[in-house]
Amino acid sequence: MFAETLAEIRPADRVALAEARAHQDRLTKPRGSLGVLEEVAVRLAGAAGVSPPPMPEPAALAIFAADHGVHARGVSPWPQEVTVQMVANFLAGGAVANAFAAQAGASVTVVDVGVAADLPEAPDLVDHKIAYGTADLSQGPAMTVDQAVQALEAGIVVARDLVAKGARCLITGDMGIANTTASAALVSAFTGRDPAEVTGRGTGIDDKTYELKVGIVRAALRTNAVTDASSSPSEALRALAAVGGFEHAAIAGFILAGAAQRVPVILDGVIAGAAALVAAALDPAALDHCVAGHRSAEPGHAAALAHLGLRPLVELELRLGEGTGGLLAHPMVCAAVRVMHDVATFDSAGVTEKTV
């Protein structure tokens, strides 16, 4: 399934890109006056292979949940059981992601890819558990390569199912105490940045814990001999297995499957950014189908977006995860495409264009 999905991914359609840019220039507004929204509309046209692109609605948020063995090293002040408790909160509709999803009209699906507990069945819970959390990445590989592929394929299955049910835009979400540690390790591995540059304070750690966290990221990269993870797909997969989390792998698969089906994927924060680095290393064309929903307060996210060449739509100092930044960006993405469908051209409206 993983190989099949990679084979189905196509880069942005150049004809559709050119048609979208030309159409933008004919609309009753000064050229470029909608700024980044024009870029988004053109990007989605290239991804879909048609101009104007389809409206990116309804949207579906998938929250991939997993635990991390590195939590035992004290990198987070939050107990590990918060992961399973927050999964219950998502399913009960009580999290910020649920509130933002309701505002955006997006569905919410929670996916267990590695929570360190057995979860009771629930209508909006999908079970793709690979293991009860990863191993401690600072002591050796967080998972095997086979487990990484299983998690990638879990994300692929979820994306395919959501699109089959009618989703026309996918939004990434995550939940996993200590997952910003794994994210920092992935961002450092794929961008070449020093761990101190890309490691943030996650859920709000003090200076002592922050120094510990940076040291553990360094130890993880050294112990697993991870250096230039972007050099080849095989190295990318090895780095993912060595220092990533099950949710990172699943989100990478989610991105790849969205690209394969030409459905836009709105990326959330640093966990999604780390996963997008993996997806781009596996197939660079997958990025043509992604929109950066926001830039989080985590320094690793800015580094990931810069490396990927993605411009975020929202910058509100968010650091919650769950898909919240992606959900906030979704109405903007819809507005960008709506302009392509509904706004008149100078010719059709009988409006005189400016003289050169």
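At 38% relative accessibility, Arg338 counts as partly exposed, whereas Asp342, with a relative accessible area of 52%, is exposed. The structure is a predicted model, in which local features need pLDDT of at least 70 and side-chain atom pairs count only at pLDDT 80 or more, while totals for chains, interfaces and linings use all residues. Residues are numbered from 1 along each chain as its sequence is written, and side-chain values use heavy atoms, with hydrogens and water left out.

Arg338 and Asp342 also form a salt bridge, with their closest N and O atoms 3.9 Å apart. A salt bridge here is a side-chain nitrogen of Lys or Arg within 4 Å of a carboxyl oxygen of Asp or Glu. Both residues lie in helix H14 (residues 324–342), four residues apart, which is about one turn of the helix. Helices (H or I, at least four residues) and strands (E, at least two) are DSSP runs, numbered from the N terminus. Glu57 joins Arg338 and Asp342 in a network of salt bridges.

By the rule stated above, the model contains 11 salt bridges. One of them connects Arg73 with Asp136, where the closest N and O atoms are 3.9 Å apart. Arg73 lies in the loop between strand E1 (59–66) and H4, and Asp136 in the loop between strand E3 (125–127) and helix H6 (145–164), so the pair ties together parts that are 63 residues apart in sequence. Arg73 is partly exposed, at 33% relative accessible area, while Asp136 is buried, at 17%.

Another salt bridge brings together the side chains of Asp112 and Lys129, at 2.7 Å from N to O. This pair links distant parts of the chain, since Asp112 belongs to strand E2 (residues 107–114) and Lys129 to the loop between E3 and H6, 17 residues apart. Asp112 is buried, with a relative accessibility of 3%, and Lys129 is partly exposed, with a relative accessible area of 23%.

Strands of a sheet pair through backbone hydrogen bonds, either parallel or antiparallel. In this model, six strands form an open sheet in the order E3-E2-E1-E4-E5-E6, with parallel pairing. E3 and E6 stand at the edges, each with a single partner strand, so one side of each is left without a neighbour in the sheet. From one strand to the next, the twist averages 30°; the axes behind this angle are lines fitted to C-alpha atoms, for helices over the stretch in contact, and angles run from 0 to 180 degrees between N-to-C directions.

Two strands count as paired if DSSP finds at least two bridges between them. E1 and E2 run parallel and are joined by seven bridges, and Ala60 has Ser107 in E2 as its bridge partner. E2 also pairs with E3 in the parallel sense, over three bridges. Val110 is partnered by Leu125 in E3, and Asp112 by Asp127 in E3. E2 is mostly covered, as seven of its eight residues are buried.

The remaining topic is open space. Rolling a probe the size of a water molecule over the atoms shows where empty space is left. On a 1 Å grid over the protein atoms alone, a pocket is an open set of points with protein on both sides within 12 Å along at least five of seven lines, and its lining residues have an atom within 4 Å of a point. Grid points are joined across faces, edges and corners, and a volume is the space filled by probe spheres set on the points.

The largest pocket has a volume of about 510 Å³. It is lined by 30 residues, of which Met175, Ile177, Thr203, Arg319 and Leu320 are the closest to its centre. Helix H7 (179–191) is among the elements that each supply at least two residues of this lining, and H7 gives the largest share, three residues. The lining has 12 nonpolar, 11 polar and seven charged residues; Ala, Val, Leu, Ile, Met, Phe, Trp, Tyr, Cys and Pro count as nonpolar, Asp, Glu, Lys and Arg as charged, and the others, Gly among them, as polar.

The second largest pocket holds about 240 Å³ of space. Among its 16 lining residues, Glu39, Val40, Arg43, Leu310 and Arg311 lie nearest its centre. H3 gives the most to this lining, with five residues.

Terms used. On a 1 Å grid over the protein atoms alone, a cavity is a set of points where a 1.4 Å probe fits but cannot get out, and a pocket is an open set with protein on both sides within 12 Å along at least five of seven lines; lining residues have an atom within 4 Å of a point. Buried means under 20% relative accessible area, exposed over 50%, partly exposed in between (1.4 Å probe, protein chains only).
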